[in-house]
Amino acid sequence: MKTLLAALAMLSATAATTPTSTAAASIGYRFDDVKRTVVLKTATQETQAAKGSQAQSGDRVHTGMFSYALIASEPHRAKFEIFSVTDVQLAGGAPGVILSLERGRVHAMFDKILGSEPRLVQTPGALLAVRGTQYNIEVDKAGKTILDVFEGTVEIRSPFRPEPFLVHAGESSSFTQHAPPPEHPMQTPDNRRPDGQGHRDNPDGHTGPDDHGHPGNDPGARGAQPPPPPQPRPPAPGPGGHH
């Protein structure tokens with residue numbers, strides 16, 4: 001009887017501590033910068049985020065037009081620039097996922113860490129795993145994801161490929177919910193590089209494409225339209241006055 005009572009007491013103690021352990025595993029986030037309209041949605045309320053605001057796993061962030069947020073996750077040594085008209089979920093979903101990008105554009109920055117703990121970013125079509133890197137990811141309205149890697153290497157884990165697909169610094173790739181990335185990554189176009197057109201420093205202090213967060217009006221747009229070619233001037237009238 002004493003053995004049975006001891007076993008029941010141990011089981012009760014384990015059950016009582018389970019919620020606390022789960023809560024301790026929750027990831028914390030901090031807003032290091034906020035420009036204009038950035039909405040933080042928790043399970044119970046929806047508020048305007050500000051510099052210094054705190055968030056937790058499962059919370060959602062929405063940026064309005066002309067808006068921007070810089071979010072840090074100290075435990076994972078990660079920072080995310082969230083640009084205009086973007087929707088993300090903080091952690092949640094698959095194990096190891098720190099952020100899920102549903103639409104819009106994010107610049108992800110990961111410091112190198114020791115150990116093998118996965119640090120994943122989720123997109124509609126694949127998981128992106130990193131080991132100390134910087135990259136841009138953009139999801140358009142149709143769910144197509146474009147990846148530009150600036151530093152390090154990003155591993156694309158697509159359900160349509162049996163083996164992980166690596167994209168290195170200076171390379172780009174794309175995929176969707178219904179199609180894997182191409183066989184080989186492409187070189188990142190100049191207008192999508194950090195120092196190229198579309199990623200210039202903004203006058204209000206953050207680095208991004210422009211005040212819209214995207215070079216064009218649509219989250220999937222890439223770069224502004226080139227100016228029209230100059231029109232030829234009419235020939236000057238010859239001597240002798242007007243016709």
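**From the core to the loops**

Mentor: Arg-77 sits in the loop between β6 and β7 (78-82). Helices (H or I, at least four residues) and strands (E, at least two) are DSSP runs, numbered from the N terminus. This is a predicted model, so local features need pLDDT of at least 70, side-chain atom pairs count only at pLDDT 80 or more, and totals for chains, interfaces and linings use all residues. Residues are numbered from 1 along each chain as its sequence is written, and side-chain values use heavy atoms, with hydrogens and water left out.

Stay with Arg-77. Its phi is positive, about 50 degrees, although Arg-77 is not a glycine. Its relative accessible area is 42%, so Arg-77 is partly exposed. Here buried means under 20% relative accessible area, exposed means over 50%, and partly exposed lies in between (1.4 Å probe, protein chains only).

Now take Phe-66. This residue is found in the loop between β5 (60-63) and β6 (68-73). Phe-66 is not a glycine either, yet has a positive phi of about 65 degrees. With a relative accessible area of 36%, Phe-66 is partly exposed.

Turn to the core. A nonpolar core is a set of buried Ala, Val, Leu, Ile, Met, Phe, Trp, Tyr and Cys residues joined through side-chain atoms within 4.5 Å. The largest one has 37 residues. Phe-31, Val-61, Phe-80, Phe-110, Leu-128, Tyr-135 and Leu-147 touch the most other members. Strand β9 (residues 97-110) gives the largest share of this core, six residues. In soluble globular proteins, nonpolar side chains tend to be buried together.

Look at Val-61. Contact means heavy atoms within 4.5 Å.

Next comes Thr-133, in strand β12 (residues 133-139). Its relative accessibility is 1%, so Thr-133 counts as buried. Not counting residues up to four places away in sequence, Thr-133 touches Phe-110 and Val-149, among others.

Last, Ser-26. This residue lies in the loop between α1 (2-24) and β1 (28-35). At 31% relative accessibility, Ser-26 counts as partly exposed. Beyond four places in sequence, Ser-26 touches Gln-56 and Ser-57. Ser-26 and Gly-58 are 32 residues apart in sequence, and 8.9 Å apart in space, C-alpha to C-alpha.
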